[in-house]
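Hi,

Here is the structure I promised to hand over.

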Amino acid sequence: MNRDPQKKAQIAVAFCFFTMIAILSLSISTKLPFAVKQHFKSLISPASVTEDITASYVLDEFFGKSVFIDINGLFARLTGKRTHNETTRLNNGMLSSDKESIETIADMQNLALAMKDLSQKLQLLDIPFLYVQAPYKMDLQEKLLPTGMKEQWNEQIDDLLAQISQHAVRSLDLRPALSGTAEQCEQTFYKTDYHWSPDGAFLAFQRIMDRMADSSGFSLHSAYASPEHWVRHEKANWFLGSFGKRVGQYYGGVDSLIWYTPGFETHMSCSIPHHREILYGDYSDAVIRTQYINDRNLYDDDPYCVYIGGNYPLYRLRNAQAPNNMRIMIIQDSFSLPLVPFLSTEFTEIDVIDPRYYTRSSILEYCSWTHPDAVMMILSPASTSNRYYSSIGSGDAVLLLQKKTRNLLSDYSVIIPAENSDYNYVELPVELIGGRDYSFSVDSLSLLSGETTGVSIIVYDYDSKSIVSEEILALDCMCFRGDTQIIFKLPGSADEDVNYKILVCAGFLEETSGIGIQYTGISVDEIS
Amino acid sequence: MLFTSIEFLLLFFPCVFAIYYLLPNRLKNYWLLISSLFFYGWGEPFFVFVMLGSILMNHRFALLIERMRGHPEKQKVLLILSVASNLGLLGVFKYLNFITATLHALFPQTQSLFPATSIRLPIGISFFTFQALSYVVDVYRGIPAQKDLFSIGLYISLFPQLIAGPIVRYTTVMDQISDRRINLESVSDGLIRFLTGFNKKMILANSLSVVADQAFLKPDISVGFAWLGALCYSLQIFFDFSGYSDMAIGLGKMLGFNFLENFNYPYISKTITEFWRRWHISLGTWFRDYVYFPLGGSRVKNRRRLIWNLMIVWTMTGIWHGANWTFILWGTLYGVVITIEKLLDIPRKIDHFNPILRYLYQSLTLILVMMGWVIFRSDNIALALTYLKTMLGMNGSTVIDSDFIFFAREYLVYILFACLCSTPVLCWLRKKAADWNGAAEAIFIIAFCVLQFVLFIISFSFLIMNAHNPFIYFNF
């Protein structure tokens, strides 16, 4: 037999192999020195060092990682696997979780009790509460489930809703309308992501507006909850969802990115205190994040965040032209992202809190400051066992009702001329006491020179020379009901001698250079 | 450090091999020794000293035994001391916890005399201890002792076969330690072998382990799922272990060493006796050469002595595999079956059976092997018996359930492919191609090489997806 072809083939394979290993080795070895130095400080075993390096550096920053994920997913697809890397391919090709049930049922039970608490306490503050159950990516008839697989998610959600009902908490179950059948699921959800698409969010928007209109006490005018008011956009082959990122683009495909823009005039703002960000303008300017539409990056981006940009502890939407002059507070998880912008076209003010990240106060306290007309909690099935949501009922409503305000400053106006300084501010003439709450409001802000979308209001500790608390206000304030705009909760206690002051800035702090601002009608109250 | 880990493939392997190929011949062995100690010490920083102690001890014993040639009584004493020391080392690290726990369970009053121990098991201790022991015994039997400590250190600690075999005899590699050829052909040949093993482990063994783990984990399973689990575990352990052996042999070849084969398609065996000539060959031959033959083997005066010899060997084989009653039971049961086969002379007669009887017996062999793996896999004997009862429909379980349906469908391709690859179908195809013409055989071989590389890319993608995939035979 002629050995030459065999030898050549083996040598060629060896060459390919060594080249591949060399390239991959070089990419890892650049990350080694720092990692090894970090870990040898702790004197842990070498095996632990490499395990940690592998986990944190190699797997997160691995050269060509997405290529290998795609190859792996393709192989799984070719071998007929319906479950792969904690993901299930449903009978219609959509991707879902492979978990049989929602974990930690105890937290779900706690959630039901927490909702009961919150609902009752909000009643004392004369604020109605509605729980909205977002759907799960499995039809209620279970036709999408591969043969032999079991799942209990819908059953567990049924239990939760039954408990909530027993506690006399108002709820709206979106599942029958959005995931009752396999066809509905296909319409509601992204194929490769855990979340619903804006198509599903729009259906939810319609159901919520119907429900709120039906509920006693609300005289709502639902102006935009029908498709003819909206323009639907779609960018094909653009979005690899959270499940898709686990299994690659060849296992379950790639979604189209969908977003809606209104076919009517809007003027809105979206302020995100956490990021010191205020976005103004029409609907697209305020809520659409165009970087997800312009740039395609299957593995590094999450275009689901095309609305609002992500989950924040708190963000506020203000819409001067909304038909319903109401302030709604929404307790959210990530499912709210495409839904809230639809609601913002109907309501003048929407405050959205994410309990997973918001730590400034209890939900109840926030409601006592801002007096929303209604509170809504919208959760996906997975979030029902998240412990952060089980603590939403904390707080004492009776105590909050007994709180009194003492006016410290009223109708105070100040002009801050432009300066060439990043720290251009004025100190308000009020004495603050540690451990107390203070409300701040302003009638209007006028931009005299320079450019900014908002301003920082700061409580500053002159003793430790540090910022105690910072809030941002949009330039046009967007507070139509004349209610308090900002609450500061100060640390410490009344016995302590503190040197806190409220500073009003000419723009966002550290960005005040060249900006002149006029504050008109500042009020500061002490809440006790 | 595992061969199927990113740190081995992308850090240890390129670094060690690059330097190895660049070094002059006289320095290669030192580099290999350092690398091997580093390889072992990476996962077992303390136990590398245990291994070094074993190397030193066995090196000295061998030299002393050689010095005592012409004094057989003294040689015998040294041999006994060596055997006792090596087995003592193994006994302390591997079996002391088990012994004390068993003693306490049987005789609670001994708890104060012998407190409970929790000694960690050094990885691969059974392999390198047996390897060292075989060297000393071979010196006793007449081969010249290796005077160079580094060479013995290299022989015992060589990283390709250090932690999971094959158990390499000194006579296999003694010439290669001092004189070996490395060329492009041997390196590429070794690499293809390495890739074959890598793919077996990552694609087949790891995938089938999912089914096996589920079957052995769930308390109430159907008869069908029990059989499916047993089948998958049988395939998993074969591809896991033979895959590792392929990798070890391949790496050895890339370094210029030629190790003997450790597996020869064991699942086509017609008898249990044949199975153990095809499964973990290096272990079977070790026990044959160092226990069975010294006891007299088959050439003993009476049947009772033959049975005794066989039962000792197989019980020890079971004990070698682990410190648990399941392994002892597993080994002992093999001893019983092999003894019966020996007494009835089945291995010699089977080819003369009528075909139906032959295939029936072959099927029974496979079933017994699978059931043996159930005992091997179970955490304790009670669980093993429960599982076996389920397999036989004696637990009142349903015939099939949703788990069986789901896993059978989900892993059908893997199971079928694994069953096919556990037979010598590729060898048969190659032979057919060769019979046809040389070009066909060349195409076959080229296609095989390319396939292994493509499968390696797929295997590597599995590695990216799963950070942790330990070998089964690691704990021996």
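Let's start with chain A, which has 16 helices and 22 strands. Helices (H or I, at least four residues) and strands (E, at least two) are DSSP runs, numbered from the N terminus. Along the principal axes, the C-alpha atoms of chain A fill a box of roughly 100 × 55 × 45 Å. Of its 528 residues, 56% count as buried. Buried means under 20% relative accessible area, exposed means over 50%, and partly exposed is in between (1.4 Å probe, protein chains only).

Before you go on, some housekeeping: this is a predicted model, where local features need pLDDT of at least 70 and side-chain atom pairs count only at pLDDT 80 or more, while totals for chains, interfaces and linings use all residues. Residues are numbered from 1 along each chain as its sequence is written, chains are lettered from A and ligands numbered from 1 in the order in which they are written, and side-chain values use heavy atoms, with hydrogens and water left out.

Now for a sheet. Chain A has an open one made of 4 strands in the order β15-β21-β18-β19, with antiparallel pairing. Two strands pair if DSSP finds at least two bridges between them. At the edges sit β15 (425-427) and β19 (466-474) of chain A, each pairing on one side only. From one strand to the next, the twist averages 25° (axes are lines fitted to C-alpha atoms, for helices over the stretch in contact, and angles run from 0 to 180 degrees between N-to-C directions). If you zoom in on β18 (residues 454-461) of chain A, you'll find 8 bridges joining it to β19(A), and the two run antiparallel. Which residue in β19(A) is the bridge partner of Val455(A)? That's Leu473(A).

Next, the aromatics. Searching the whole structure turns up 91 aromatic pairs over all chains. Rings of Phe, Tyr and Trp (its six-membered ring) pair if their centres lie within 6.5 Å; planes under 30 degrees apart count as stacked, over 60 as edge-to-face and the rest as tilted. One of the pairs is Tyr460(A) with Tyr462(A), edge-to-face at 5.0 Å centre to centre and 80° between the planes. Tyr462(A) has 25% relative accessibility, so it counts as partly exposed.

Over in chain B, the rings of Phe241(B) and Trp279(B) have centres 6.3 Å apart and planes at 65°, so that pair is edge-to-face. Phe241(B) lies in helix α10 (residues 223-254) of chain B and Trp279(B) in the loop between α11 (272-278) and α12 (281-295) of chain B, so the pair ties together parts 38 residues apart in sequence. Are these two buried or exposed? Phe241(B) is buried, because its relative accessibility is 0%, and Trp279(B) is buried too, with a relative accessible area of 0%.

- Tyr357(A) is in the loop between β12 (347-353) and α15 (363-370) of chain A. With a relative accessible area of 39%, Tyr357(A) is partly exposed. Tyr357(A) and Arg175(A) are 182 residues apart in sequence and 27 Å apart in space, C-alpha to C-alpha.
- Asn319(A) belongs to strand β10 (residues 314-319) of chain A, and at 2% relative accessibility Asn319(A) counts as buried. Its C-alpha atom is separated by 11 Å from that of Val287(A), 32 residues apart along the chain.

Happy browsing!
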